[in-house]
Amino acid sequence: MKKNKKRQKRVIRNRIILIAFIILIAIIVILINNNSKENATVSADLDSKSEIFSNITGVTAEVSKYIVYGTHLNLEGSINVTNSTIDNVKLVLKSSNSDEIVIDTDYEINDSTLEFTTGEIINEGLDLESLGRKSYYLLLKVAYTNGQDKYYSLENKTNYSNIDYYTITKNSENNKIYINFGEYNSVPYLNLAANKVEKLPDDVYDIVIDPGHGGIDAGAVNGNYYEADIVLDCAQKLKTKLEELGLKVFLTRDGTEDENENTAYNMYDDNGRITKAMEANAKIFTSLHMNSNQAYLANGGVEVYTPGKFNYDFAQLLADNIVKMANTNYSLMTTNRVKNGVYMDNFTQNDIEQANEEAIAGGYEPYENITTDTSYLFMLRETGGIATGAYVDGRNTNYSANKYYNSNIGLESYLIELGYMSVQEDLDNILNNSDAYMQAVAESIKTQYLN
Ligand SMILES: [Zn+2]
C-alpha cells in the first residue's frame, strides 16, 4: 500500500512536469508563430509594393473628385488613352496577397479621354466598412481587346488631401483607414491602409442623432404637446438603445439648451447643430421630427427623407421597421415620394429661382451651386458636404457660414418624420409607443451596419 501510494505520487508529479512542459512548448510555438506572422506581413507588404508598382505603366489617371459620404468612398477621374481597343475598365484594389477587389465602375470614352467614376449614387461606391486590415492600392485596370490588362495608378488632382476614416464600432472594434495619396519611385498613388485601433479618438463618433427644433423653436404643436419635446425624448431613448449595441452616439442637443436660444438661426455657429454634427466625425446622421399638415389631417404615418442620387434601401428598411414595430402606417402623402414611406426632396427649378430672388431682394449674392440635385432639407444638405450640395442657407441673412459646406467628407443623412402631430391617432401612438418607434430605428441600424 505504501509503495503504491509513493508510486502514485511520483506518477502524478511526472504528469504535472509533462503538462507544464507541453504548455511551455505551446507558448513558445505561439510566440514564434506570431513573430514570424508579423515579419511575414511586413515583408509581404514591401514585396507587394514593388510587385504592384512593377506592373504599373508610367501614365497615371487623374482623380478629379474624391468624396467620403457616410461609409462609402466615391471617386471620379480621367486618363488619356491613345488606344480605342478597350474592352473593359474597372477600379480595383490591389493588396499584398495579390488578390484583387473589383469596384463597380462606370466609364465613358470621348476622343482620347477615358472618364471613370464609382457612380452617381452617393451612398454607394467603395464600402469602407468591408475592407480587411490590409494596405490597398487603388488602381485603374484597363482590359484591352488584345487580351492585355494594364494597371494605372491614381494621382490626386483635387484640392482635398488625406482622410482618416474610422469604421463603425462593431464588437467593440474599430479600424482606422488612412486614405492617402503618395508617391513610390516618382509614381503617384492612392493607398488605403486599414489597421485596427484600440478605440475611437474622443472626437470621433459612429452616429449623430439630431432631435429636431429646440430652444425657442417648439416645432409642431398639438394642445400641450410640442414636437421639440417629443423628438428629444425619442432621441434620448434611441441613444440608449444604440449604446447598448456598442455604438458611440452624439446628440446635437440634449434639452439643456436655453429656452430662448434660436437653434435654427445659429446652426452654423461654433455651437450650432450643423457644426456639432460635422465635428462629431460620424458616419450616419439621423434627424428626428414630427410632421404637421392640415391638408393631410386624416392621414398620419411615417416619412423617411433622404438626399437625391441615393440608394434608398436603408431608408426603406427604416420605414418598414417603424410601420411594423410601432404599429403605424406609411404616410399617404404623395409629394416627393419615391417608395412607400421614403421621400426625396430636392430644389425644383422654381425653388432655385425663388431663392435667387430672395437673395437679390435681401441684398446678398445668390448661391451659385444650387441645382435640382441639391437637397432642399437643410439638415440633410448641410451635413452631407459637397455630396448633397451643402451651402449657407440663403433664406435669411442672419444665418452665418457653414464652414463645412465645401467638405468632401459628409454624413449619410436621414430625416425621419415619425408621424403627424396634427393627427390625434399618430400623436397618441408616439406618446404611448415611442419605445417601439426607436426600437425599430435601432434594429434597422443593427441590420444595416452591424451584421
Ligand atoms: Zn420638425
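Are R253 and E257 buried or exposed in this predicted model? R253 is buried, and E257 is buried as well.

**View 1. A salt bridge joins R253 and E257.** The side chains of these two residues meet with N and O 2.8 Å apart. Both partners, R253 and E257, are buried.

**View 2. Three residues coordinate the zinc ion.** The donors are H213 through NE2, E227 through OE and H289 through ND1, at 2.0 to 2.2 Å. Along the sequence, these donor residues follow the spacing H-x13-E-x61-H. H213 belongs to the loop between β13 (207–211) and β14 (221–222), whereas E227 belongs to helix α2 (residues 227–244), so the pair ties together parts that are 14 residues apart in sequence. H213 and E227 are both buried.

View 3. K239 counts as partly exposed because its relative accessibility is 24%, and E243 counts as partly exposed at 37%.

**View 4. A salt bridge between D270 and K403 links distant parts of the chain.** The closest N and O atoms of this pair are 3.3 Å apart. D270 lies in the loop between β16 (249–251) and α3 (273–279), and K403 in the loop between α6 (378–383) and β21 (409–410), 133 residues apart. D270 is exposed, since its relative accessible area is 59%.

**View 5. D104, D106, E124 and D313 gather in a patch of negative charge on the surface.** E124 is placed in the loop between β6 (113–117) and β7 (126–127). With a relative accessible area of 33%, E124 is partly exposed.

Key:
Residues are numbered from 1 along each chain as its sequence is written. This is a predicted model: local features need pLDDT of at least 70, side-chain atom pairs count only at pLDDT 80 or more; totals for chains, interfaces and linings use all residues. Side-chain values use heavy atoms; hydrogens and water are left out. Patches are made of residues with over 30% relative accessible area and no salt bridge: like charges are joined within 9 Å, nonpolar side chains (Val, Leu, Ile, Met, Phe, Trp, Tyr) within 5 Å. Accessible areas come from the Shrake-Rupley method with a 1.4 Å probe; for residues, only the protein chains shown count as cover. A salt bridge is a side-chain nitrogen of Lys or Arg within 4 Å of a carboxyl oxygen of Asp or Glu. Lys and Arg count as positive and Asp and Glu as negative; His and the chain ends are not counted. The place of a charge is taken as NZ of Lys, CZ of Arg, CG of Asp or CD of Glu. Helices (H or I, at least four residues) and strands (E, at least two) are DSSP runs, numbered from the N terminus. Buried means under 20% relative accessible area, exposed over 50%, partly exposed in between (1.4 Å probe, protein chains only). Donors are N, O and S atoms within 2.8 Å of the metal (3.2 Å for Na, K and Ca); water is not among the atoms, so sites may look incomplete.
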